[in-house]
Amino acid sequence: MITVFRREWMAYFRTPVGYVFIGVFTALSGVIFYLSNLSTLSGELLIFLSQLTLLVMLLTPVLTMRLLCEERQRRTDQLLLTSPVSLTRIVLGKYLAAAAVMGVAIGLTNVCTLILALYGTVYPGEWFVGYLGFTLQSMGFLALDLLVSGFMKNQVPAAIAAFAANFLLWMVDLLADKVSVAWMSDALRFLSLYDRYEPFILGQLSFASLLFFLLLIGMCLLATVRVMDARRFSQGGAA
Amino acid sequence: MIEVQGVSKRYGSVQALRDVTLRAPEGKVLGLLGQNGAGKTTLLNIITGYLAPTSGRVLINGRDPLLEPEPAKRELGYLPEHPPLYDEMTVEEYLRFVAALKQVKAGSIPGHVREIMGKTGLTEMRERLLGHLSKGYRQRAGFAQALCGDPDVLVLDEPTVGLDPKQITEIRALIQKLSAGKTILFSSHMLGEVRQLCDHVVILHRGAVRLDAPIGELGGRDGVTLLCTLQGGERRLVAAMNHLDGVRSVAVQPGGGEDEVRLRLSFGHAATPEKQVFTLCSALNAPILRMTRGEDDLEQVFLQAISE
């Protein structure tokens, strides 16, 4: 797992992907910080973090689209899948590398927190709960996007499908309002990432939401392993 | 040792492999011959655990790569048709990564990688990015990754395809050097390569095994070809040769000199055909100017196997 993690981490920064992701994420979060806090003279850290969700939804597919699709395109998956490393470790290594790059980008948004702290007040509890929720939500999107990329053969369709999946899970609570069947409406609302993230942006440490995000990450990673395993039985190869 | 037991593979409506059974004994080189599309790559992908068979099973030193993936794959080095290289890594970084994947102890990795680079002639290229290597060096890097972890079993898929003659010679020499003490299974559609490198040949056609035999037995197993240059009347000689014991065909070959006849005699079994030809020509007073065993027995065997 550590071997795969190291390679993926290195690959992010040997290619422009890592730099572009962190650069664009940081620049756009700066713009959001200006619009949500500086221009309105608001000292609310949690408002800033809630606005960052759209950015995460939009950009996480860039991190995950190459992880599985590129291996298939370059046929380097033949090396990984014929090595004495379990699929679980391969998927975990790749996921953790993407999560680490995301972690660096999230970490850099603390420059904004620092500015708020310098010119206003940022309570440690508020900071902890806000960043915990934001990090969990981002990691949830990454796991979901990794699963989506596991179904795809090419990177661009993988990124588009991942964004669609992110958007759908984020907006599913709006669909729930339109569904008249009670159990279906409840089920859709249960899946809504917006509803799950809401307690954190209100400054509440919700263990139900925390558990939901951890389960979402675990289930998506497990499903990714199953998808890769199933492909051994179904995929065609050159004769 | 590699054992393939009744392996079949179906992709939708396409039957890629049909009940394939073969065995590559320890320390031997097994050549897998077949035309393009015969199912060679599919079979190798199943042997290495990259694909799962629809039915049947594979054992690598007694372990099934699907049921016991980690111990089975630890014994295995695989060079696919397209070497699985990460272009953004240097040769040395890549081999260190593969060595770690193959669970070589961290402390031993630098020495192990140095040794492999030495064996495969990559030492001078160790700082180069894989994406900047020529096709020949990329193939060497592919070989080098297959050797990481010092596996007992090597599976090589058309290792010389697309290389220039010099590179082909180098890669073949490398396989010969590696063959000592390892079980090697390699696929090819180049008969000369198989003849040069293999102890045993399996011919695959339309997903089924058509022939499975030690290379030394191929001539005796499927007959003997004699190429004779004789003096005498063509018709008389051809008619007489057709009555030899075990003769399957007599064909006149072009290129004979004045008053010379070049014949290609194919015998169905190995009952000392040279002696028969000598005795007959002596009786016919037809001098034998040259007589050699055919160098193309394997070609004949191959063509016959895939035409049946």
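Reader: Which residues of helix H11 of chain A are buried?

Author: In a predicted model such as this one, local features need pLDDT of at least 70, side-chain atom pairs count only at pLDDT 80 or more, and totals for chains, interfaces and linings use all residues. Residues are numbered from 1 along each chain as its sequence is written, chains are lettered from A and ligands numbered from 1 in the order in which they are written, and side-chain values use heavy atoms, with hydrogens and water left out. A residue is called buried under 20% relative accessible area, exposed over 50%, and partly exposed in between (1.4 Å probe, protein chains only). Helices (H or I, at least four residues) and strands (E, at least two) are DSSP runs, numbered from the N terminus. In H11(A), residues 193-201, the buried residues are Leu193(A), Arg196(A), Tyr197(A), Pro199(A), Phe200(A) and Ile201(A).

Reader: What covers the buried residues of H11(A)?

Author: Here one looks for contact, which means heavy atoms within 4.5 Å. The cover includes helices H3 (45-51), H4 (53-74), H8 (124-151), H9 (155-178), H10 (182-191) and H12 (207-234) of chain A.

Reader: What is found at the start of H11(A), and what just after H11(A)?

Author: At the start, a side-chain oxygen of Ser192(A) comes to within 3.3 Å of the backbone nitrogen of Tyr194(A). Just after the helix, Gly203(A) has a positive phi of about 85°.

Reader: Why does the pair of Glu8(A) and Lys94(A) tie together separate parts of the sequence?

Author: In this salt bridge of Glu8(A) with Lys94(A), the closest N and O atoms are 2.6 Å apart. Glu8(A) belongs to helix H1 and Lys94(A) to helix H6 of chain A, so the pair ties together parts that are 86 residues apart in sequence. Lys94(A) is buried, as is Glu8(A).

Reader: How many salt bridges does the rule find across the interface of chain B and chain A?

Author: The rule finds 3 across this interface. Among them, Glu88(B) pairs with Arg7(A), the closest N and O atoms being 3.0 Å apart. For the salt bridge of Arg14(A) with Glu93(B), the corresponding separation is 2.5 Å. That pair crosses between chains, from helix H1 of chain A to helix H3 of chain B. Arg14(A) is partly exposed, with a relative accessible area of 38%, and Glu93(B) is partly exposed at 25%. Salt bridges that share partners join Arg7(A), Glu8(A), Arg66(A), Glu70(A), Glu71(A), Arg74(A), Lys94(A) and Glu88(B) into one network.

Reader: How much area do chain B and chain A bury between them?

Author: The size of an interface is often given as the accessible area lost when the parts come together. Buried area is the accessible area (1.4 Å probe) that two parts lose on being put together, summed over both. Chain B and chain A bury about 3,100 Å² between them, 58% of it on carbon and sulfur atoms. In this interface, 37 residues of chain B are in contact with 29 residues of chain A.

Reader: Which strands are joined to strand S12 of chain B by bridges?

Author: Two strands pair if DSSP finds at least two bridges between them. Strand S10 (residues 224-231) of chain B is joined to S12(B) by 8 bridges, and the two run antiparallel. Strand S11 (residues 247-253) of chain B is joined to S12(B) by 6 bridges, also antiparallel. Thr229(B) stands opposite Arg262(B) in S12(B), while Val250(B) has Leu265(B) as its bridge partner there. Strand S12(B), residues 260-267, is mostly covered, with 6 of its 8 residues buried.

Key. A salt bridge is a side-chain nitrogen of Lys or Arg within 4 Å of a carboxyl oxygen of Asp or Glu. A polar contact is a pair of N or O atoms within 3.5 Å; within protein, one must be able to donate a hydrogen and the other to accept it, and residues adjacent in sequence count only if both atoms are side-chain atoms.
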